[in-house]
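Here is a quick walk through a protein–DNA model, one surface at a time. Have the structure open as you read.

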Protein chains: 2
Amino acid sequence: MTLSEEDYIKTIYHLSEFNSKSVATNAIAEQMKTKPSSVTDMVKKLSEKSLVNYKKYQGVLLSEKGRLVALSIIRKHRLWEVFLVDKLNFSWDEVHVVAEQLEHIKSDALIDKLDAHLGYPKVDPHGDPIPNKDGVFTKSVKKLISELPVGSQGVCVGVNDSSAAFLKFLDKNKIALGDTFKIMEIEEFDGSVTISTRSGSIRISKQIATNLFLEIVDEE
Amino acid sequence: MTLSEEDYIKTIYHLSEFNSKSVATNAIAEQMKTKPSSVTDMVKKLSEKSLVNYKKYQGVLLSEKGRLVALSIIRKHRLWEVFLVDKLNFSWDEVHVVAEQLEHIKSDALIDKLDAHLGYPKVDPHGDPIPNKDGVFTKSVKKLISELPVGSQGVCVGVNDSSAAFLKFLDKNKIALGDTFKIMEIEEFDGSVTISTRSGSIRISKQIATNLFLEIVDEE
DNA sequence: AATTAGTTTTAGACAAAACTAAATAATTGT
DNA sequence: ACAATTATTTAGTTTTGTCTAAAACTAATT
């Protein structure tokens, strides 16, 4: 597998992760900042290696073989992210770019030993699940606060908006990654949400609630 | 810098590491398992970027700029080797191939943090020195036992011959990487050497002495 | 000084992965 | 239903790094 092939496989996986419809050439091109014609070429090549199922004008879907390749790349990406945050003290929002490079390192032994070194983590620093060697993983349970019902409880694992202003707001309100929150009350009128934290209850506006991800603990 | 350019720079560095003569096109080709014509093409390209000094038919030498690039790649390679051995429990002889991939990861922050995480090591698992950020490093003090005078003391950091038979011999005689040895006596007649180890003195043949590297501690 | 053996460079070609421009298929709005 | 729009593919180039084969150079020998 070339680096480029791996990147296409990964992109196709992510584009079909939720809606399991076939993926459009244009969507891939846009995501990868390349041109649709380049996508067509590569998709033909991947199809010949039976990594994707492809028919002209019909979009693509990963084959089972392709899906396993994608999951092995994602496994590597997420394990490296855990390493960068837990062992090298990177902050959660700096790791993606470096992990995009590290995910292409080819060595099964390396990944096995890294996994062991990290204590077989189940999720990466953004709360996304880490597939095991066989591509098996628990569904993501990462949700925006605004999507959760009263009573939900979870660990804050990420933000949508990483502007300086927003991060400053979080800091001021003593909200940090890794904190555990519980949804106490949802105000129907304006969508604001009251959450309880270690340091007491606070009310956050709808805008904040649509920018904070929790990883829910009591779900499988 | 492309991956390929980095590999050429590194190879040229190693070929001129000891004899500071200019490096022959053929030598580079042989080392890199490529053809002399390919080397010429690349060397022209590197010359245009003033990474090497090159005149037709005269061989190449790294420029100061090129030397610093080489040292930064070597720094990365050796730091990753330390990581693989110290943190992931790879054995000293498995790490080179993986480190050849890891050395190309581009992130200054990553290398700084890795360096700190490893405790700012001075040498890699083979006893080779690790350049600092500015390309400064202490000369290698790695020597074969057969090259050392009586009284020398050092840490065993590597072997020349990594055949199963040789490794088995070392195991049987309780010689392992990381052990400290002192040269007690050299037999002129057959070149055999008596060394003291933690577990007592043993005599090793000249053949063994020319296959074991020590890193000398009391030298600059 | 000429020959020869070995090394290095040139020239032309190829594969991979991208591109542009043009052609063709699919979809959508009226 | 069909014209207009949008999406996709085809065809032909470009770039990077490689290759082979042939030409040119260097150095050593006669």
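## The surface near the DNA

The surface near DNA strand C is made up of 5 nonpolar, 10 polar and 5 charged residues. In total 20 residues surround DNA strand C, and the closest are Thr2(A), Ser37(A), Ala24(B), Asn26(B) and Ser37(B). To be near the strand, a residue has its C-beta atom, placed from the backbone, within 6 Å of it.

Which elements give two or more residues here? They are α1 (3-15) and α3 (36-48) of chain A, plus α2 and α3 of chain B. The largest share, 5 residues, comes from α3(A). Helices (H or I, at least four residues) and strands (E, at least two) are DSSP runs, numbered from the N terminus.

## What kind of model this is

This is a predicted model: local features need pLDDT of at least 70, side-chain atom pairs count only at pLDDT 80 or more, and totals for chains, interfaces and linings use all residues. Residues are numbered from 1 along each chain as its sequence is written, while chains are lettered from A and ligands numbered from 1 in the order in which they are written.

## Two helices of chain B

Helix α2 (residues 25-32) of chain B meets helix α3 (residues 36-48) of chain B, with axes that come within 8 Å and cross at roughly 110°. The axes are lines fitted to C-alpha atoms, for helices over the stretch in contact, and angles run from 0 to 180 degrees between N-to-C directions. So α2(B) is roughly perpendicular to α3(B), a label for angles of 65 to 115 degrees; under 35 is roughly parallel, over 145 roughly antiparallel and the rest oblique.

On the α2(B) side, Thr25(B), Asn26(B), Ile28(B) and Ala29(B) make the contact, and on the α3(B) side Pro36(B), Val39(B) and Thr40(B) do. Contact here means C-beta atoms, placed from the backbone, within 7 Å. These residues come out as 4 nonpolar, 3 polar and no charged.

## Where the chains touch

Chain B puts 14 residues in contact with 14 residues of chain A. On the chain B side, α5 (95-102) and α6 (108-117) each supply at least two residues, and α6(B) gives the most, with 4 residues. That side of chain B divides into 7 nonpolar, 4 polar and 3 charged residues.

## Chain A overall

Chain A has 8 helices and 8 strands. Its C-alpha trace spans about 60 × 40 × 35 Å along its principal axes.

Notes: Contact = placed C-beta atoms within 7 Å. Nonpolar A, V, L, I, M, F, W, Y, C, P; charged D, E, K, R; others polar.
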